[in-house]
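Notebook open, model loaded. Here is what I looked up, in the order I got to it.

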Amino acid sequence: MEGNAGSLYGRLNRSSTRGFLAYVVAGGACAAVLACFVLSAADPRAAERDDGLLRLSSRSPRVWPDLAFNWRVVVATVVGFLGSAFGTVGGVGGGGIFVPMLNLLVGFDTKSAAALSKCMIMGASASSVWYNLQVSHPTKEAPVIDYKLALLFQPMLMLGITIGVELSVIFPYWLITVLIIILFVGTSSRSFYKGILMWKEETRILMETREREEQSKAACATNDVVIDSGYVEPLLTQPQPKVKSALETFLFNLRWKNILVLMSVWSCFLVLQVLKNNSKSCSTFYWTINILQVPVAVSVFLWEAVQLCRESRARRMNGNLECVCEASIEWSPAQLIFCALCGLLGGTVGGLLGSGGGFILGPLLLELGCIPQVASATATFVMMFSSSLSVVEFYFLRRFPIPFAGYLIFVSVLAGFWGQCLVRKIVHVLKRASLIVFILSSVIFASALTMGVVGAQKSISMINNHEYMGFLDFCE
């Protein structure tokens with residue numbers, strides 16, 4: 001059974017990614033050329049004349065609508081519930097949907113909408129993690145959450161979020177929109193393509209299984225005993241080698257050592273963020289605290305990376321070809337550097353957008369060869385830490401109204417648990433793990449659409465008002 005899973009997803013993982021990387025590079029180059037064109041056409045005197053106004057648009061005044069029963073809140077509840085449910089199933093959170101919804105529909109300012117989006121991601125991720133701790137791995141005796149990959153990506157993701165937040169102050173809104181749309185369209189297309197490949201492979205396995213079952217029934221009808229040593233059951237219906245109770249499964253899925261390391265990283269980043277927010281912008285102390293986040297993230301990443309390399313090398317020397325974690329790749333310095341850069345990219349996108357970084361981490365885990373259930377559970381687990389860090393930080397900064405945040409967290413908790421229960425049951429009945437990949441791709445594409453609409457609307461408004469659309473000064 002385990003070998004069957006490896007053959008299915010290992011084959012998909014070996015499909016070429018050069019086209020996708022070329023697309024990202026070309027998209028980034030186009031965005032850079034467009035930025036140069038806009039900057040060359042921008043009126044520097046407009047920047048000087050409207051500097052105060054522009055800084056207010058970057059640091060928009062706080063707008064907190066009251067929590068009251070009206071059609072806006074009802075629609076936001078429905079959209080938030082569905083976004084949280086499907087976002088956590090796909091392992092992407094849904095921040096690209098929540099921020100425009102809270103900004104345009106409910107009426108919150110952009111920064112408050114981003115803070116409330118983090119609250120929703122935290123609630124949905126926490127309930128999803130609670131659900132995943134009570135389910136067994138679909139193919140082998142292991143937790144469905146890959147703690148090794150979580151330890152590898154979480155530090156760099158948190159460092160990337162810090163970078164993204166800093167860049168969001170400098171970058172004009174239109175450039176952030178263009179970059180995110182380019183990235184989201186690429187990742188959603190790539191995930192959709194992988195989903196199609198998985199669907200075809202699952203169809204082949206199901207057809208072979210039905211044929212074998214029919215042959216077995218025909219043999220039994222003629223009183224012949226047939227033992228088919230090559231019989232392969234569907235990937236998603238293999239019975240577990242040992243039936244565990246709910247409590248035994250929960251305790252088995254907990255890995256306290258890894259959780260304590262993750263909590264330590266979380267606590268270090270929280271202390272540094274609180275110190276940074278209480279310091280003067282661009283002061284020596286401010287930049288010192290910012291720089292201190294780098295050794296914290298890099299040290300934990302290197303510690304886990306060295307462990308993965310050593311364990312992988314030791315297994316290969318002993319003739320054991322089993323992967324050291326859910327990712328079906330050989331861990332090498334080049335692979336680890338790639339993972340570090342992707343973690344930074346995911347965190348940077350999360351910081352720019354106000355999401356948890358799952359828009360990059362979810363597709364990346366699939367690209368590394370993780371099965372959809374593990375990719376979703378691991379990405380959601382990592383997002384729980386990154387989003388909760390932001391929520392605690394925003395609470396100290398008074399970035400969101402407590403009543404509205406409590407209500408949205410309650411809705412997201414219910415949605416996350418409901419989404420996991422419903423979709424996992426559908427996957428189990430239909431024997432189609434590729435449904436999780438399609439959900440992931442759909443949520444990313446929907447986020448690209450909403451971000452595109454909001455970005456286009458705001459950019460047109462700035463053009464009509466003759467506002468400065470270049471880069472802003474970070475320290476002013």
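This is a predicted model: local features need pLDDT of at least 70, side-chain atom pairs count only at pLDDT 80 or more; totals for chains, interfaces and linings use all residues.

I started with helix H11 (residues 256–277) and helix H15 (residues 372–396), whose axes come within 10 Å and cross at roughly 30°. Helices here are DSSP runs of H or I with at least four residues, numbered from the N terminus. The axes are lines fitted to C-alpha atoms over the stretch in contact, with angles running from 0 to 180 degrees between N-to-C directions. Angles under 35 degrees count as roughly parallel, so I put H11 down as roughly parallel to H15. H11 passes H15 in a right-handed crossing, meaning that the near helix is turned clockwise from the far one by less than a right angle.

Next I listed who meets whom, taking contact as heavy atoms within 4.5 Å. On the H11 side I noted, among others, Ile259, Leu262, Met263, Trp266 and Phe269. Their partners in H15 include Phe381, Phe385, Leu389, Val392 and Phe396.

Residues are numbered from 1 along each chain as its sequence is written, and side-chain values use heavy atoms, with hydrogens and water left out.

Then helix H10 (residues 246–253): which of its residues are buried? I got Thr249, Phe250 and Asn253. They cover an arc of only 100° around the axis, so they sit on the same side of H10; the arc is taken from the directions from the helix axis to the C-beta atoms. Leu247 and Leu251 are exposed on the other side of H10. My cut-offs for relative accessible area are under 20% for buried, over 50% for exposed and partly exposed in between, using a 1.4 Å probe and protein chains only. Helix H7 (110–132) and helix H8 (147–170) are among what covers the buried residues of H10.

I checked serine 191 in helix H9 (residues 173–221) too. Serine 191 is at 2% relative accessibility, so I count it as buried. Apart from neighbours within four places in sequence, serine 191 is in contact with Pro363, Val437, Leu440 and Ser441.

I found lysine 431 in the loop between helix H16 (402–430) and helix H17 (434–464), partly exposed at 26%.

Last, cysteines. I found zero disulfides, a disulfide being a pair of cysteine sulfur atoms within 2.5 Å. Cysteine 268 is partly exposed at 36%, and cysteine 370 is buried at 1%.

Technical notes. Helices (H or I, at least four residues) and strands (E, at least two) are DSSP runs, numbered from the N terminus. Angles under 35 degrees count as roughly parallel, over 145 as roughly antiparallel, 65 to 115 as roughly perpendicular and the rest as oblique.
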